[in-house]
Amino acid sequence: MAQAVKVATRAEIPAGSGKVVEAGGKTIAVFNCEGTFYAIDNTCKHRGGPLGEGSLSGVTVTCPWHGWEYNVANGMCALDSSVSVQTFPVTVEGDEILVSL
């Protein structure tokens, strides 16, 4: 059964940005898309770049290393539909952001 883990507060991830967090032995990128929060695996499938350090436009994050793009809502790679990163359910309780692992 999935366990919800607090990873940040709303104030720590402003709209249009992301944050890299460690939770349950995983490195996760959490993004704030205009008030809706999403969480994906932090590692780009291309060469292991840190997705949480990439630029966010809408629900698309661009890997800072080689420009691969992923939809943070569903984990799908925009450049290759056969590639995706793991997504994690996110809930917000008050000011706390929780990710289910």
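How many helices and how many strands does the chain have? The chain has zero helices and ten strands, where helices (H or I, at least four residues) and strands (E, at least two) are DSSP runs numbered from the N terminus. Along the sequence the pattern therefore reads β-β-β-β-β-β-β-β-β-β. This is a predicted model, in which local features need pLDDT of at least 70 and side-chain atom pairs count only at pLDDT 80 or more, while totals for chains, interfaces and linings use all residues. Residues are numbered from 1 along each chain as its sequence is written, and side-chain values use heavy atoms, with hydrogens and water left out.

Overall dimensions come next. The C-alpha trace spans about 35 × 30 × 20 Å along its principal axes. Of the 101 residues, 37% are buried, which means under 20% relative accessible area, with exposed set at over 50% and partly exposed in between (1.4 Å probe, protein chains only). Among contacts (heavy atoms within 4.5 Å) between residues at least 6 apart in sequence, 39% join residues at least 24 apart.

Strands of a sheet pair through backbone hydrogen bonds, either parallel or antiparallel. Here two strands are called paired if DSSP finds at least two bridges between them. Four strands form an open sheet with antiparallel pairing, in the order β2-β3-β4-β8. Strands β2 (17-23) and β8 (87-88) stand at its edges, each with a single partner strand, so one side of each has no neighbour in the sheet. Strand β4 (residues 36-41) pairs with β8 in the antiparallel sense over two bridges, and T87 in β8 is the bridge partner of I40.

Strand β3 (residues 26-33) contains V30 and also N32. V30 counts as buried because its relative accessibility is 0%. Leaving aside neighbours within four places in sequence, V30 has contacts that include V7, I13, V21, F37, I97 and V99. By contrast, the C-alpha atoms of V30 and G67, 37 residues apart along the chain, are separated by 18 Å. N32, at 5% relative accessibility, also counts as buried. The side chain of N32 reaches the backbone nitrogen of E34 at 3.5 Å. Beyond residues up to four places away in sequence, N32 touches I13, P14, A15, G16, S17, F37 and L56.

Which residues touch the most other members of the largest nonpolar core? They are F31, I40, L51, V61, W68, Y70 and V72, out of 15 residues in that core. Strand β3 gives the most to this core, with three residues. A second, separate core of twelve residues includes I13, V21, A23 and I28. A nonpolar core is a set of buried Ala, Val, Leu, Ile, Met, Phe, Trp, Tyr and Cys residues joined through side-chain atoms within 4.5 Å. L51, named above in the largest core, is in contact with A29, F31, I40, D41, N42, T43, C44, V61, C63, Y70 and V85, leaving aside its neighbours within four places in sequence.

The last part of the tour concerns the end of the chain. Strand β10 (residues 96-100) is mostly covered, with four of its five residues buried. Strand β1 (residues 4-9) runs antiparallel to β10 and is joined to it by five bridges, with K6 opposite L98. Strand β9 (residues 90-93) also pairs with β10 in the antiparallel sense, over four bridges, and V92 has I97 as its bridge partner. β9 and β10 form a hairpin with two residues between them, and G94 in the turn has a positive phi of about 65°. In strand β1 lies T9, which counts as buried at 18% relative accessibility. Not counting residues up to four places away in sequence, T9 touches D95 and I97.

How values were computed: Polar contact = N/O pair within 3.5 Å; in protein donor to acceptor, adjacent residues only side chain to side chain.
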